[in-house]
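Keep the structure open beside you as you read.

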Amino acid sequence: MQMPTSSFDKISPTALIMAYARQFTDIPYSQELAQLVNAQAFVERLQKQQSDKSFEIAVLFEGRYKAINQMIAQFRTTQIIELASGLLPRGMVMSQDPGIVFIESDLPAMISSKQQLVKQLVGDRSNLHFIATDATSQPSQFPLDVDYLDSLTPITVISEGLLLYLTLNQKQHVFTNVRELLQVYGGVWITPDLMTKEDLSRIRGTSPALQKFSQTVRVMTGTSDKDTIFDNLDQVRQFTSEQGFQLQAYSMLNVLDQLTCLEPLGINPAVAESILTDSFVFAFTLMPSF
Ligand SMILES: C[S@@+](CC[C@H](N)C(=O)[O-])C[C@H]1O[C@@H](n2cnc3c(N)ncnc32)[C@H](O)[C@@H]1O
C-alpha cells in the first residue's frame, strides 16, 4: 500500500537541518539558503532538550555533498536529476554551465518553495527545471518523456538523505522508478543513502552527539532505524541485485581533506575521519539483463 504523501511531508523539515549544517561549509549558496529559511532557529528548537549541542553530523552532510560531486564529475553526464532536492544548492551551482540540464525534484510543497528561493537567488534558468515528484509513486512521476531531456544521452540520478527514511517497500518503489528512468536514458544513480546498521552503530559510537541528534530526527519524522536501515552491506547487495542494479561503493574518506565545517563547528578532525571511514557513496548501474 502506498503511504499518503502527508506522511512523507513529515520528512521535509529535515531539509532545514542539512541547510543549517551546510552554512558552515564553503559550499556555494549555502549561507544564503540557510538564512532565507531561518534554518538556525529550526535547529535551535530541535536541540533545546539536548545538553550536548555539538553538530558532528555536519561532517556527514558536507562529506556526502562533496563525494557525490566527485562522482558526478567521474561519470561526466550532462543530464542530472536530483531526487528529494530539499534545500540543496547543487542545481544552482551546476546549471551555471549551460551545457548541463539539471532537474530538481521533491514533494510538491518543498519543490515549490525551493523554486521560489532559487528564483530569488539566481533568477530563472532555461536549463534548471523543478518538478513535483513523490519518488515512491506508482506509476512513476519521473520525467520519462519530456522535451528538455535527450533520450540518447545518459542521465545521472542523485539522491542524498531520502532512502534513509523509507521502508523497504517504499525503497523498492524508488528503485523501480529509477530503473525505469535508466532503461530509457542509460546512466547511473548515485546515492549515499544505503548506510547500514553496522555503519551507523560505529559512527554513533564515535559521536554520541550525532547519536542523540539522529534520535531527535527519527521522532520528528515518525520513522525508525528498524524499518528503514539495512543490517549490513551483504543485505544491501542482495536487495539491489534483486532490483536489477549492480553497485560500486566509494569511501567518503576521499573528501576528508575537503571538509570545511570542522573549524567553525569545533569538530575534532579525528572524529570527522572516523565518521567518514564508515560512510560510502554508491553508484548503481543497471545489470545487463535488465
Ligand atoms: C533529509 S531531507 C534531504 C534534503 C536534501 N537532499 C539534502 O541533502 O539537503 C529529505 C528530503 O526528502 C524529501 N522527501 C521525503 N519524502 C519524499 C518522497 N516520497 N519523494 C520525494 N521526496 C521526498 C523531503 O521533502 C526532503 O526535502
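The chain exposes about 12,400 Å², and carbon and sulfur atoms supply 51% of that area. Accessible areas here come from the Shrake-Rupley method with a 1.4 Å probe, and for residues only the protein chains shown count as cover. Before we go further, please keep in mind that this is a predicted model, in which local features need pLDDT of at least 70 and side-chain atom pairs count only at pLDDT 80 or more, while totals for chains, interfaces and linings use all residues. Residues are numbered from 1 along each chain as its sequence is written, and side-chain values use heavy atoms, with hydrogens and water left out.

Now for the fold as a whole. You will find 14 helices and 7 strands in the chain; these are DSSP runs numbered from the N terminus, with helices being H or I of at least four residues and strands E of at least two. The radius of gyration is 18 Å, close to the 19 Å that the globule rule gives for 290 residues, so the chain is as compact as a globular protein of that length. That radius is taken over C-alpha atoms, and the rule is 2.2 Å times the number of residues to the power 0.38. Along its principal axes, the C-alpha trace spans about 50 × 45 × 40 Å.

How much of the chain is buried? Of its 290 residues, 55% count as buried, where buried means under 20% relative accessible area, exposed over 50% and partly exposed in between (1.4 Å probe, protein chains only). As for contacts (heavy atoms within 4.5 Å), residues 24 or more positions apart account for 80% of those in the chain with a separation of 6 or more.

Let's turn to charge. The chain carries 21 positive and 30 negative side chains, and the centres of the two sets lie 5 Å apart. Lys and Arg count as positive and Asp and Glu as negative, leaving out His and the chain ends; each charge is placed at NZ of Lys, CZ of Arg, CG of Asp or CD of Glu.

The structure holds 12 salt bridges, each being a side-chain nitrogen of Lys or Arg within 4 Å of a carboxyl oxygen of Asp or Glu. One of them joins arginine 90 and glutamate 82 at 2.8 Å, N to O, and both of these residues are buried. Arg90 and Glu82 also belong to a salt-bridge network with Arg64 and Glu160.

Another salt bridge pairs aspartate 278 with arginine 202, their closest N and O atoms being 2.7 Å apart. This pair links distant parts of the chain, 76 residues apart: aspartate 278 sits in the loop between helix H14 (269–277) and strand S7 (280–286), and arginine 202 in helix H9 (residues 197–206). Aspartate 278 counts as buried at 10% relative accessibility, whereas arginine 202 is partly exposed at 43%.

Finally, look at the backbone. The peptide bond from glutamine 138 to proline 139 is cis, with omega near 0 degrees, and proline 139 lies in the loop between strand S3 (128–132) and strand S4 (155–159). Tyrosine 29, although not a glycine, has a positive phi of about 65 degrees; this residue is found between helix H2 (14–22) and helix H3 (30–36), in a loop, and is buried at 18% relative accessibility. Arginine 76 is not a glycine either, yet has a positive phi of about 50 degrees. Arginine 76 lies in the loop between helix H5 (57–75) and strand S1 (79–83) and is exposed, with a relative accessible area of 71%.
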